[in-house]
There are 2 protein chains.
Amino acid sequence: MVEVTGTLANWISTRQEIPAAVRHEGKRTLLNFLGCGLGGSHDPAIEHALGVLRPLSGPAQASLLGRRERLDMLSAAFINAAAANVQDFDDTHLASVIHPAAPVAPVVLALAEQSRTSGAALLDALIRGIEVACRIGNALTPWHYSRGWHITSTCGAIGAAAAASRLLDLDEMQTANALGLSASQSAGLVESLGSMAKSLGVGGAARNGLFAALLARQGFTASPGTLAAFLRIFGDEPRPEALTDGLGSHWESARNVCKPYPCGVVLHPVIDLLLELRKEVQADAVARIVVTANPLLRQRTDRRRPRSAREAQVSLQHAVGVCLVYGAAGLSEFSDERTAEPAVQAFGDKVEIIDDASLPIEAVKLAVHTSNGPAIVRRVDQARLMSDAEIEAKVRGLAAFGAPHCDAARLIAAAWAVDDLPDAAELARRGGA
Amino acid sequence: MVEVTGTLANWISTRQEIPAAVRHEGKRTLLNFLGCGLGGSHDPAIEHALGVLRPLSGPAQASLLGRRERLDMLSAAFINAAAANVQDFDDTHLASVIHPAAPVAPVVLALAEQSRTSGAALLDALIRGIEVACRIGNALTPWHYSRGWHITSTCGAIGAAAAASRLLDLDEMQTANALGLSASQSAGLVESLGSMAKSLGVGGAARNGLFAALLARQGFTASPGTLAAFLRIFGDEPRPEALTDGLGSHWESARNVCKPYPCGVVLHPVIDLLLELRKEVQADAVARIVVTANPLLRQRTDRRRPRSAREAQVSLQHAVGVCLVYGAAGLSEFSDERTAEPAVQAFGDKVEIIDDASLPIEAVKLAVHTSNGPAIVRRVDQARLMSDAEIEAKVRGLAAFGAPHCDAARLIAAAWAVDDLPDAAELARRGGA
């Protein structure tokens with residue numbers, strides 16, 4: 001199994017043209033990430049973390065999204081990763097349910113500010129880091145998450161190390177050490193979702209992945225068997241071949257999608273259906289809603305009484321409530337204020353969940369029982385993909401929400417043009433301010 | 001199970017007189033830690049880590065053992081923890097095989113330099129942190145380690161958070177958050193032993209434990225169920241009662257012992273026996289040595305051809321070789337040089353290991369077969385405890401090895417007198433230089 005490390009390290013450290021379609025998905029991911037980082041940049045969890053890290057920071061060398069200040073690159077990677085994920089609005093790799101950009105992108109942004117890096121090289125490193133994170137996730141799914149591991153944090157750290165290795169131009173042996181060092185520090189628990197500790201996991205993944213690559217460059221070593229040990233320990237029946245099969249020809253990173261709603265991705269098909277249905281039913285006419293879905297939906301989102309915006313983001317009952325009451329599922333609907341709304345809370349007792357393991361994660365069936373007519377029954381088989389224009393609009397909305405002083409239009413333009421940017425630090429600087 | 005967190009947090013945040021005998025063991029641990037930190041202060045792994053952290057460090061606010069420079073407190077905690085453990089010469093809690101001082105003590109030292117703290121308060125926080133680390137280890141042993149978790153790193157981080165919470169005077173709720181935040185970032189793999197990555201784990205435990213407590217003070221929260229989830233995920237059949245039974249009356253920290261030899265603690269009974277036996281046998285007369293021991297000895301130390309000092313520290317064959325060839329088992333015998341010595345390497349093929357699960361970890365039986373006489377058979381049932389004077393001598397030897405410019409005599413005096421030190425920063429400063 002040790003060969004997995006060598007194969008991955010060789011691929012990360014070898015030049016290869018990435019297909020245009022894959023690069024385009026990478027740009028969508030990058031743009032979406034920047035927007036999410038702006039949107040989350042002033043969240044209370046971020047303010048608290050900054051309260052600790054600011055006075056402990058080294059040189060002001062790396063920009064923070066949505067802020068004027070700069071921190072040392074490890075601290076900046078931590079904060080930007082935490083900010084990009086804190087609203088649960090970031091990208092998702094559906095097969096593994098990893099949000100790969102939050103732990104990976106801040107690392108390439110921070111490094112681009114340290115030595116001159118082209119935008120094309122930054123995008124290349126970002127895509128490779130995401131590819132590694134998602135493939136490791138595939139190798140561990142589904143046991144890993146059900147055991148209680150927060151897969152974005154655990155696998156994200158290794159993706160971050162891969163991206164940093166690439167951008168630091170580490171050789172194959174150094175890259176193998178970086179992968180091993182990041183795997184040896186991999187951490188993060190599902191239990192943390194719904195609390196600020198989620199941000200500690202995601203921020204830590206970016207920071208630790210970058211730290212691993214910097215250590216490896218310095219000559220710090222890991223046991224060659226670390227990645228193999230990681231797969232054994234963090235997976236029940238890991239599939240190491242998921243890391244290497246089709247590497248360089250099949251792109252998991254291109255299967256990474258952007259979310260239209262700021263909440264757990266498993267909720268999205270339900271929201272798509274309900275926003276449609278709302279045209280036909282009044283919230284107060286609804287007596288009961290039966291949701292039939294893959295058991296994952298219940299495992300991750302059965303929260304009848306969310307007590308905060310963060311818990312609401314992973315509450316099926318809250319999502320049903322805001323869709324039917326407000327006909328929307330944006331940042332305002334996943335707020336502390338809406339969480340306390342009696343009309344929304346009423347749906348805590350009206351939702352019934354039926355597990356159906358034969359349904360894929362992307363599918364859901366709804367039966368809406370009203371007081372005045374027959375039940376309305378609907379089904380979707382996959383969540384809606386966002387268009388490029390919708391992602392742009394989302395980024396503008398996020399910037400307005402979290403960093404209104406930021407020039408979102410310029411940032412959007414820079415992200416789409418990343419392949420032609422002579423100096424990728426431009427992106428990090430435009431994201432600040 | 002959530003009550004475990006409350007009970008622990010309440011105990012950590014409540015004043016209680018610690019018995020003199022427990023405090024004395026705490027002083028032995030502290031002194032031994034300081035010596036190990038000096039001894040490891042210039043190890044290549046530490047130099048590499050410093051090469052990365054130095055330029056990224058914030059304010060020079062916390063001393064490094066054996067060095068004149070100072071770093072921000074998170075970085076200093078990382079480096080001092082890694083240094084104190086890098087030679088495998090630090091203290092051991094035998095029941096869990098945790099080395100608790102390395103992750104815990106650097107945190108109290110670093111905090112003592114930030115705001116005036118009495119030596120008595122520092123010792124109190126150190127003992128509580130060690131108590132928490134060891135009890136969590138007891139709750140997870142033995143599955144945790146055999147699954148592949150480096151228990152010193154994983155449980156050490158939580159002990160570090162406990163000690164920091166105490167010294168920062170966090171209230172019960174903040175302490176509970178600190179415990180949860182550290183548990184949510186707990187990491188470290190057995191696979192890393194024998195490589196520099198071990199130091200990343202132990203350094204990370206101290207750094208992350210301190211970070212968790214600083215975050216908790218700032219208002220950052222964890223899910224109340226984090227520690228319970230940690231026990232479930234990191235243990236197969238965890239025993240949560242091990243965390244709370246007899247808390248405040250029975251002291252696991254007093255069962256923490258100092259090592260006479262700089263190698264895996266499971267090797268110590270074998271070394272005790274062989275150093276005695278060497279008076280009777282010549283190394284070159286030995287044809288075969290049969291070692292009968294608890295299966296843990298084979299699991300952790302069956303390394304016929306260690307390739308470095310670090311691997312030699314966990315090689316039974318190497319330990320047997322140096323004891324018989326040199327009649328010693330000190331820092332010089334666990335060096336890269338001795339590892340490459342043909343007379344020592346010859347024992348790679350002369351050692352036979354027999355598993356006997358009925359033997360406790362502290363026991364071992366030896367049968368030495370020579371070319372010129374009957375086999376010599378011996379048995380010990382526990383490793384030797386070091387006297388206070390022996391610990392002092394060990395610290396002097398470690399200082400001479402790793403930090404010859406340090407005034408070891410003054411440091412030793414300060415450690416024994418810690419209970420009377422008005423300003424505990426004195427200890428950190430004397431350990432530097």
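Visitor: In what order do the four strands of the open sheet in chain A lie?

Guide: Strands here are DSSP runs of E with at least two residues, helices are runs of H or I with at least four residues, and both are numbered from the N terminus. Two strands pair if DSSP finds at least two bridges between them. In this predicted model, the order is β6-β5-β7-β8 in chain A, with mixed pairing. At the edges stand β6 (351–355) and β8 (376–380) of chain A, each pairing on one side only. From one strand to the next, the twist averages 15°.

Visitor: In which sense do strands β5 and β7 of chain A pair?

Guide: Strand β5 (residues 286–293) and strand β7 (residues 364–370) of chain A are antiparallel, joined over seven bridges. Within β7(A), A:A367 is the bridge partner of A:V290.

Visitor: Which helix packs on the sheet, touching β5, β7 and β8 of chain A?

Guide: Contact means heavy atoms within 4.5 Å. Angles run from 0 to 180 degrees between N-to-C directions, with axes fitted to C-alpha atoms, for helices over the stretch in contact. The helix is α13 (residues 268–277) of chain A, at about 40° to the direction of β7(A). Helix α16 (residues 316–326) of chain A lies across β5 and β6 of chain A, at about 130° to β6(A).

Visitor: Is A:N80 buried or exposed?

Guide: Buried means under 20% relative accessible area, exposed over 50%, and partly exposed in between, using a 1.4 Å probe and protein chains only. A:N80 counts as buried because its relative accessibility is 3%. A:N80 belongs to helix α4 (residues 73–85) of chain A. Beyond neighbours within four places in sequence, A:N80 contacts A:F33, A:S63, A:L64, A:L65 and A:P106.

Visitor: Which conventions apply to numbering and to the predicted model?

Guide: Residues are numbered from 1 along each chain as its sequence is written, while chains are lettered from A and ligands numbered from 1 in the order in which they are written. Local features need pLDDT of at least 70, side-chain atom pairs count only at pLDDT 80 or more, and totals for chains, interfaces and linings use all residues; side-chain values use heavy atoms, leaving out hydrogens and water.
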